Amino acid sequence: MRKFACIYFNENNIIVSKDRLFKGLYPKITIDSIWYGAVESFKVIVECSYQQFTPKNWNHLENQLLERDVEYAYIQGIDKASHPFEEICTMGGQELLPLTSYYILKYIAKYKLIPENMLNAKIGIIAGDMGETLDVIRSVMDDITDLTLFAEQPLTYKEVVLALHQKKRLKVRVVKPNEALLNKMNIIFDLKLKGVYAKWCSPKAIYIDYKNKVERHMDQLRGTLPSIWYDFDIVWEGQLTELAILHMILKVQGFADRTLKREFKNLNIGIIGVHTRRIS
């Protein structure tokens, strides 16, 4: 069965080892087996920083993982676009973020975190990448009645809006970002890179800041801002799981990307906690 690996760098503990299959010295690598239900994975600890890990080191590590039937890998602290491996696919979990919108709404409704009933709530989506924006729309459209899509080029979403208008219960509009409308939203999903529109939102609103999990870009914002959510505690099959790990579990179980998007709502997934930040 296909497997995956999670790779972490221990920058504060540089240990050099020698291996008969590797000429010269290289950082020590520990590979331990970890099971998620019937899925076997590997936790890889590299005793140096990512910057110190050379192409030759990456090649050596990839060979070790391929011997263990690893097809997917999460690498701590690097952009998925880096592609340090030749055959193993690197994943960061960001691909699933838009799909979690469905579960975020369920969490908000369960704990009654907005004054409005979810069916009467005003939902805003600040458009980013077209694919991600459409994933959010598909995730939430069956559970809401009032949707505003904020896009720099509204005509880009003309066909999307026409299709959504066929859902009789859903009121939908697409406009350029503006303070008057954003201030009326109860929940805002922001798919832009810097989250600067938070300053236009109501302090009673919930602002899901998908793009700023690690690096913040809001230092210069002033005034009373909404509750900003930037990370989530995801539970799958009763087990606390990182989104990147969940994605790889589903991939090794045979979920193609299109199937995964279609079936994501039916998986045994929940959100048990959110990480919030108010910036003022």
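1. A search of the whole structure finds 15 aromatic pairs. Rings of Phe, Tyr and Trp (its six-membered ring) count as a pair if their centres lie within 6.5 Å; planes under 30 degrees apart are stacked, over 60 edge-to-face, and the rest tilted. Tyr-8 and Tyr-74 form an edge-to-face pair, at 6.3 Å centre to centre and with 65 degrees between the planes. Because Tyr-8 belongs to strand β1 (residues 3-9) and Tyr-74 to strand β6 (residues 70-75), this pair ties together parts that are 66 residues apart in sequence. Helices (H or I, at least four residues) and strands (E, at least two) are DSSP runs, numbered from the N terminus.

2. The model is predicted: local features need pLDDT of at least 70, side-chain atom pairs count only at pLDDT 80 or more, and totals for chains, interfaces and linings use all residues. Residues are numbered from 1 along each chain as its sequence is written, and side-chain values use heavy atoms, with hydrogens and water left out.

3. Are Tyr-8 and Tyr-74 buried or exposed? Tyr-8 has 18% relative accessibility and so counts as buried; Tyr-74, at 16%, is also buried. Buried means under 20% relative accessible area, exposed over 50%, and partly exposed in between (1.4 Å probe, protein chains only).

4. Trp-58 and Phe-85 form another edge-to-face pair, at 5.3 Å centre to centre and with 85 degrees between the planes. Since Trp-58 lies in helix α1 (residues 55-66) and Phe-85 in the loop between β6 and β7 (89-90), the pair ties together parts that are 27 residues apart in sequence.

5. How is strand β1 placed in the structure? Seven of its seven residues are buried, so β1 is largely enclosed by the rest of the structure. In a regular strand, side chains alternate between the two faces of the sheet. In β1, Lys-3, Ala-5, Ile-7 and Phe-9 are buried on one side, and Phe-4, Cys-6 and Tyr-8 on the other.

6. Strand β1 pairs in the parallel sense with β6 over five bridges, and with strand β5 (residues 39-46), also in the parallel sense, over six bridges. Two strands pair if DSSP finds at least two bridges between them. The bridge partner of Ile-7 is Ile-75 in β6 and Val-44 in β5.
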